[in-house]
Amino acid sequence: MANQKFNSIVGSGTLAKLLGKSQRQIQNYAAEDILSVTNENKNLKFDLYKVIPEYLQYLEEQYKKNSLEAEIANQEKRKAKAEADLKTHKAKMAKLELQEIEGEMHRSCDVEEMTLQLVMEIKNRLLALPGLLAIDLAKLDDPAQISAQIERQVNSILFDLSHFEYNPVEYKKRVRERAGWKEEQAANEKTKGNQSDTN
């Protein structure tokens, strides 16, 4: 028994049991040249010394292929997510532009500029105050009258400022100027393109 030589040639049934596959799958491997096979009396025979390394190589190739397919699938998912994020961003931008055009929202630069105009108006009125009061106050000796005169001028300035109101028309004008510039630029580029086509 100890002197009996190991027979490495087995049939498809035995090989199927060794590899944990069905006999049909082993036959398919043979038909696809994945495993080396020899026909012996119309029966498939396999040399274990050949087919085991071949099967291991096949498994390694399948693993690499599946890993590559998984990586490609992940890249496609990342690409799809990036495209979805871009579309969402564009939709948000379009919504903000619509809100701006309809006057529901204003750009910070417009608000800053309009606020600066108001601040400059207050500054100019306050800087003009000494000049307005100098002649009238020079004629007065009574501190109560001087105080009342200053108070009247300050109240006049505050009264004028109290009538300062939010002006949606001014904001819309600024939006149209920006949009008009964009439309004009696009029209100019289109005209240039048509001229080059004509030439």
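1. Let's begin with Arg78, which is partly exposed at a relative accessible area of 48%. (Buried means under 20% relative accessible area, exposed over 50%, and partly exposed in between, with a 1.4 Å probe and protein chains only.) Arg78 makes a salt bridge with Glu71, and their closest N and O atoms are 3.4 Å apart. Glu71 is partly exposed too, at 36% relative accessibility. A salt bridge here is a side-chain nitrogen of Lys or Arg within 4 Å of a carboxyl oxygen of Asp or Glu.

2. Before going on, a word on what you are looking at. This is a predicted model, in which local features need pLDDT of at least 70 and side-chain atom pairs count only at pLDDT 80 or more, while totals for chains, interfaces and linings use all residues. Residues are numbered from 1 along each chain as its sequence is written, and side-chain values use heavy atoms, with hydrogens and water left out.

3. How far does the predictor trust the model? The protein averages a pLDDT of 80, and 84% of the residues score at least 70; pLDDT is the predictor's confidence in each residue, from 0 to 100. Helices (H or I, at least four residues) and strands (E, at least two) are DSSP runs, numbered from the N terminus. Where pLDDT is low, the predicted coordinates should not be read in detail.

4. Back to charges: how many salt bridges are there by this rule? The count is four. Side chains of opposite charge can pair when their charged atoms come close. In one of the bridges, Glu60 meets Lys64 at 3.5 Å, N to O. Both lie in helix α3, four residues apart, or about one turn of the helix. Glu60 is partly exposed at 44%, whereas Lys64 is exposed at 51%.

5. Lys81 and Asp85 make another bridge, with the closest N and O atoms 3.1 Å apart. Lys81 is exposed at 53% relative accessibility, and Asp85 is partly exposed at 41%.

6. Now the rings. Three aromatic pairs turn up, where rings of Phe, Tyr and Trp (its six-membered ring) pair if their centres lie within 6.5 Å; planes under 30 degrees apart count as stacked, over 60 as edge-to-face and the rest as tilted. Tyr29 and Tyr55 form a tilted pair, 5.9 Å centre to centre with 50° between the planes. This pair links distant parts of the chain, since Tyr29 is in helix α2 and Tyr55 in helix α3 (residues 48-101), 26 residues apart. Tyr29 is buried at 4%, and Tyr55 is buried at 8%. Ring pairs link Tyr29, Tyr55 and Tyr58 into a cluster.

7. Finally, Ser12 is worth a click. Ser12 is in helix α1 (residues 12-19). Is Ser12 buried or exposed? At 8% relative accessibility, Ser12 counts as buried. Leaving aside neighbours within four places in sequence, Ser12 is in contact (heavy atoms within 4.5 Å) with Gln23, Ile26, Gln27, Leu44 and Phe46.
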